[in-house]
Amino acid sequence: MQALIQVRNLRFRYEDGTLALDGVDFDLYPGETVALLGPNGSGKTTFVLHLNGLLSGEGQVIVCGLEVTKRNLAEVRRKVGLLFQDPDEQLFMPTVLQDVAFGPLSQGCTPEQAQARARAALAQVGLVDAAGKAPYHLSAGEKRRAALAGVLAGQPEILVLDEPTTYLDPWGQTDLITLLGSLPQAKIIVTHDVLFAAAVADRAAFFQKGRIIAQGSVADIQRRFGWAPPAARPANRPD
Amino acid sequence: MHHATLDQWARGSSALHRRDARVKWLVLVAYLAALSATRSLFPMCVLGFAALAAGAIRLGRLPFAGVLARAGVVAPFAGVITLFTWLGGEGGRALAVLVRSYLSAVAVLVLVGTTPLPTLLSGLTSLGVPRFLVLVVQFLYRYLFVLSEQAQHMRLAAASRGWQAGRWRPDPAGFRAAAGVAAALFLSSQAKAQAVHRAMLARGFQGRLVTLAPPALSIADLWFLAAGVGACAGLWLAANLFG
């Protein structure tokens, strides 16, 4: 099966000299959901920012058969929908409807098409009633759903979600698990929440010091790295 | 986050709230033009303009006392001009300046109090105001809430570590601390701006912002426009004929 995303030997260094990615290899196949786990600062977010060309390092990133270069950024960004950790950064238009329609309009849809797509995406996340509201009037959970609607309205083939459970209460997390399960796209989910990862992901990749050091089932990664909630964590953490 | 009073008023559902922002802008412009173009503001004329403003407050179900008190914000500015005009021996003109400023402020408050700012800005765009100007105000307004929230969090964090607002002393150490806080807020707003730009790029932004088309005006909007502009024109005509 042809991979939707192929990453080979990706290396990236920030301007201050910090080596954030040190030779990452990764594949994502159609329909699968992969959780990216690992300690803070291990390179997970830096990695996903490369998938739609927001950062550009050495190595090769191929998305749906297109190598990510400056020339085809618009097309790559149509294929990869990125949900940021902080929804406030993603909701910048005056109303929820306008914000959700931003992606389709930027892709060249007519206002009518964009509005139809935006309303459909809002219905998908259960936020139709909030269409006319200003983003700052939404609760944290609603902001998260509105931001997700903004990504879905772009009709991407791949969803990349950076810490999607941040700010969500347990009910909100359950709703998100159900929603993600209903979406047909392949997904990459950056998370620290292993229970959430176990509920949504088919497999996991574990980042450490800018490299993927292990891949396998979420349960396997949990066991090998002691990557579990505090209550379930063994007293002696394996190195 | 405690939203401003005006923002709360603007979320009402009165007949005036439901009118299209473009129409409300046009009526406001007609009102301000009529008010400023009226040569002499004799008492009946002032009463006419005040009655129009009062009617709008009533139609928008806004609190009279609240609107009248907030309109007083123009008093210091208008007051200075009034004072100098008065001292220049033109008592009548001085009073007219004060009345015009106050009634203008009331009218603007009625507009802002019955229309959420995002809708107001969309209305401006539809009326042909340069998109760039509207965008700047839009982003400023949107992130003012985020920054204000951030400032409140910083204040809480400082208070939790023993800082007391009332006990701040304007000494060098106090100024250094305040400057540090301001710098931190500035840096976080810079980081926020970069993050927003990144989020825009991620959703396909290529430098040109396209927005949804505004909805068509309803019959009620057109009636409101005709009645509003007609009343303002009528008042102006009457004032200039009988004044």
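1. **Ground rules.** The model is predicted, so local features need pLDDT of at least 70 and side-chain atom pairs count only at pLDDT 80 or more, while totals for chains, interfaces and linings use all residues. Residues are numbered from 1 along each chain as its sequence is written, chains are lettered from A and ligands numbered from 1 in the order in which they are written, and side-chain values use heavy atoms, with hydrogens and water left out.

2. As background, nonpolar side chains tend to be buried together in soluble globular proteins.

3. **Around Leu36(A).** Leaving out residues up to four places away in sequence, Leu36(A) is in contact (heavy atoms within 4.5 Å) with Phe26(A), Lys44(A), Phe47(A), Val48(A), Ile188(A), Ile189(A), Val190(A), Thr191(A), Ala205(A) and Phe207(A).

4. **Size of the interface.** The contact takes 34 residues from chain A and 29 residues from chain B. About 2,900 Å² is buried between the two chains, and carbon and sulfur atoms give 62% of that; buried area is the accessible area (1.4 Å probe) that two parts lose on being put together, summed over both. On the chain B side, Arg142(B), Arg203(B) and Leu212(B) lose the most area to chain A, together 31% of what that side buries.

5. The rule finds 1 salt bridge between chain B and chain A, a salt bridge being a side-chain nitrogen of Lys or Arg within 4 Å of a carboxyl oxygen of Asp or Glu. Asp99(A) and Arg203(B) form a salt bridge, with their closest N and O atoms 3.1 Å apart. Helices H8 (117–126), H9 (131–160) and H10 (172–202) of chain B are the elements that give two or more residues to the side of chain B that touches chain A. H10(B) supplies the largest share of that side, 8 residues.

6. Over all chains, a search of the whole structure finds 12 salt bridges. In one of them, Arg211(A) meets Asp22(A), the closest N and O atoms being 3.8 Å apart. Arg211(A) lies in strand S10 (residues 211–216) and Asp22(A) in strand S2 of chain A, so this pair ties together parts that are 189 residues apart in sequence. Arg11(A), Asp22(A), Glu58(A) and Arg211(A) are linked in a network of salt bridges.

7. **A buried pair.** Arg203(A) forms a salt bridge with Glu32(A), with 2.8 Å between the closest N and O atoms. Arg203(A) lies in strand S9 (residues 203–208) and Glu32(A) in the loop between S2 and strand S3 (33–37) of chain A, so the pair ties together parts that are 171 residues apart in sequence. Both Arg203(A) and Glu32(A) are buried; buried means under 20% relative accessible area, exposed over 50%, and partly exposed in between (1.4 Å probe, protein chains only).

How values were computed. Helix = DSSP H or I, 4+ residues; strand = E, 2+ residues; numbered from the N terminus.
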